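Have the coordinates open and follow along.

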Amino acid sequence: MTDLALYRNIGIFAHVDAGKTTTTERILKLTGKIHKTGEVHDGESTTDFMEQEAERGITIQSAATTCFWNNHRLNIIDTPGHVDFTVEVYRSLKVLDGGVGVFCGSGGVEPQSETNWRYANESEVSRIIFVNKLDRMGADFYRVVEQVKKVLAAKPLVMTLPIGIEDDFVGVVDLLSQKAYIWDDSGQPENYKVEEIPEELKEKAAKYREELVETAVEQDDDLMMAYMDGEEPSIEDLKRCIREGTRKLDFFPTYCGSAFKNKGIQLVLDAVVDYLPSPTEVDPQDLTDEEGQPTGKKAIVSADEPLRALAFKIMDDRYGALTFVRIYSGKLKKGDTILNSFTGKTERIGRMVEMHANERTELTEAQAGDIIAIIGMKNVQTGHTLCDPNHPCTLEAMVFPEPVISIAVSPKDKAGVEKMGLAIGKLVAEDPTFKVETDQDSGETILKGMGELHLDIKIDILKRTYGVELNVGKPQVAYRESITKAVEDSYTHKKQSGGSGQYGKIDYRIRPGEQNSGFTFTSTVVGGNVPKEFFPAIEKGFKSMMEEGPLAGFPLLDVEIELYDGGYHAVDSSAIAFEIAAKGAFRQSMPKAGVQLLEPIMKVDVFTPEANVGDVIGDLNRRRGMIKDQEPGATGVRIKADVPLAEMFGYIGHLRTITSGRGQFSMEFSHYLPCPQNVAEAVIEEVKAKKAADK
């Protein structure tokens with residue numbers, strides 16, 4: 001079996017268009033995994049293998065591949081950069097031990113880089129930074145390093161400096177070895193010379209090397225004392241300290257280059273091997289019990305432990321369902337029976353494969369540290385733990401954001417109904433942020449997702465991959481309702497119909513809750529007026545009614561309910577009677593609690609040329625946007641604003657018009673805020689009209 005110390009499970013993540021996929025291509029070429037590099041702009045890159053990815057030049061789903069560098073096995077996941085597909089980044093980071101954050105040399109730290117960086121911080125993933133595209137107009141390595149400090153509040157440890165910039169970018173200075181790597185114009189990654197540092201960079205290189213050494217030796221007290229006494233640490237000692245600091249997230253080794261021009265990638269690969277942790281060096285995952293509560297135990301990464309693995313992605317292809325699995329401990333062999341601790345069911349492992357984008361190599365066994373795919377698993381979903389039936393356990397589950405946009409769809413012909421149901425079922429299994437439900441009143445199928453592009457691509461996949469033609473309604477906003485006033489009330493449910501009756505009396509207070517608190521239920525009943533065993537039924541009754549608010553039928557947010565008194569009957573009271581009482585109480589009291597409509601507010605980040613700033617800000621103000629910040633950059637201005645989602649449909653077309661095609665934007669859900677009165681009235685009218693039409 002392979003030595004786990006030689007494994008590196010890494011992800012490559014960045015903002016859309018910073019060059020992740022191109023960087024992955026170059027890594028695969030350098031490691032001998034592919035012999036011809038495919039370009040994203042030609043639609044021929046290895047990891048962007050979906051038709052939709054090739055056409056749009058973006059990554060939609062993360063792709064896994066394996067390659068080797070300096071006798072180390074690298075399991076690489078290339079993740080999407082577009083905000084609508086952040087779930088792919090999030091779930092990939094959950095199972096990786098290290099990452100390469102790619103930043104554009106001219107764009108710098110862009111909005112999606114911030115989101116991905118935040119996810120990586122939450123998952124405590126060690127990272128190195130690669131500042132790419134230094135051959136681009138407006139590229140500035142030192143500006144990007146400053147942005148990493150300011151915007152991400154991270155500490156970049158500069159390891160290489162660029163030689164030349166934009167069209168004159170020829171290579172990098174390696175501060176550790178104090179040598180210059182200079183590439184020729186052939187574009188071949190192996191055509192480089194190692195030379196002395198150019199005269200004009202010597203002073204700068206000395207300054208940055210001193211910073212590097214000072215930061216690194218802080219990881220080792222003895223080395224630091226020796227260094228302060230004037231003793232220069234060896235390169236081996238420095239590497240050991242940098243590895244330790246990177247693992248503890250104290251700093252992030254920062255490299256530069258141009259993936260497209262094949263310059264600087266070797267040093268990034270060396271850094272992956274030298275500084276990113278192996279599976280055994282990462283803090284083990286917490287184990288949780290069936291309720292999802294931490295047990296205080298850890299999943300130790302070792303091939304000799306019982307099997308523990310996490311299913312982090314489901315993908316449907318022509319061979320059936322593929323379940324991507326990260327094995328944390330133990331071994332997995334073809335024919336083994338494993339337990340899915342979420343469903344409590346066992347499954348037999350049929351075929352296991354190692355993935356290279358959409359190609360595969362059959363495996364007979366895998367071990368701790370491996371990322372593999374299993375074909376044909378029945379009841380496994382994203383986030384489920386697979387384990388040894390004799391040692392059941394649950395790994396920390398994944399939490400996914402709620403969708404903010406929905407559209408109604410229907411098949412164009414009767415024959416498509418069943419086909420559509422099966423196809424949507426497969427897409428829902430693949431993507432936890434894509435939801436489907438049926439409107440009870442109209443019978444329409446409602447698709448919910450993270451943004452217009454997200455749903456657009458799902459409909460495209462349904463059409464092309466599954467041959468389902470759909471009629472698509474206009475996008476709908478996921479409004480919510482909440483209350484503004486506290487209400488104290490009482491409700492009695494009694495029913496007598498021969499034999500034993502039903503009786504439940506509750507006295508309760510309803511109050512607006514803290515923002516994002518959801519639903520909270522407390523009981524302050526004393527003296528046993530309502531026996532404790534009925535509390536769960538009362539809570540269940542109230543909670544079940546939160547799905548449909550009294551204003552327009554949208555789910556309610558942030559409501560506190562306190563049960564403070566009540567009454568019961570020794571014979572006629574039951575859990576069901578109290579549950580019905582709670583539902584009746586909800587219907588009776590909610591309309592008195594000052595219900596208001598809430599709308600989703602998006603965090604919008606717009607990039608525009610300087611000449612169009614006034615037009616863009618004016619347009620965002622017309623869309624009820626709140627401008628938060630403006631940041632001038634080398635090639636334009638970034639405007640940050642909070643804008644209601646309802647006003648953002650079709651924004652990209654409008655932005656391109658006012659910026660002559662040069663503007664870009666990204667947005668993600670931020671929070672809910674009360675709607676202005678006129679907007680709320682219009683939404684409520686629309687809902688009433690739709691309900692009337694459906695009848």
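Does Glu365 count as buried, partly exposed or exposed, and what is its relative accessibility? At 35% relative accessibility, Glu365 is partly exposed; here buried means under 20% relative accessible area, exposed means over 50%, and partly exposed is in between, with a 1.4 Å probe and protein chains only. Its partner is Lys333: the two side chains meet in a salt bridge, 3.8 Å from N to O. By salt bridge we mean a side-chain nitrogen of Lys or Arg within 4 Å of a carboxyl oxygen of Asp or Glu. This pair links distant parts of the chain, with Glu365 in strand S21 (residues 365-367) and Lys333 in strand S16 (residues 331-333), 32 residues apart. Lys333 is partly exposed too, at 40%. Helices (H or I, at least four residues) and strands (E, at least two) are DSSP runs, numbered from the N terminus.

Before going further, a word on what you're looking at. This is a predicted model, where local features need pLDDT of at least 70, side-chain atom pairs count only at pLDDT 80 or more, and totals for chains, interfaces and linings use all residues. Residues are numbered from 1 along each chain as its sequence is written, and side-chain values use heavy atoms, leaving out hydrogens and water.

The pLDDT (the predictor's confidence in each residue, from 0 to 100) averages 79 for the protein chain, and 83% of the residues score at least 70. Among the elements, helix H2 (residues 51-56) has the lowest mean, 43, while helix H14 (residues 613-622) has the highest, 92. Over residues 34-62 the pLDDT is below 50.

Back to the charges: the whole structure has 29 salt bridges. One of them joins Arg509 to Glu562 at 2.9 Å, N to O. Arg509 sits in strand S32 (residues 502-512) and Glu562 in strand S34 (residues 559-567), so the pair ties together parts 53 residues apart in sequence. Arg509 is partly exposed at 25%, whereas Glu562 is buried at 10%.

For a local pair, look at Lys207 and Glu211, whose closest N and O atoms are 3.9 Å apart. They are four residues apart in helix H6 (residues 202-217), so about one helical turn separates them.

Finally, find Arg243 in helix H8 (residues 235-247). Arg243 is buried, at 18%. Beyond neighbours within four places in sequence, its contacts (heavy atoms within 4.5 Å) include Arg8, Asp274, Tyr275 and Glu281.
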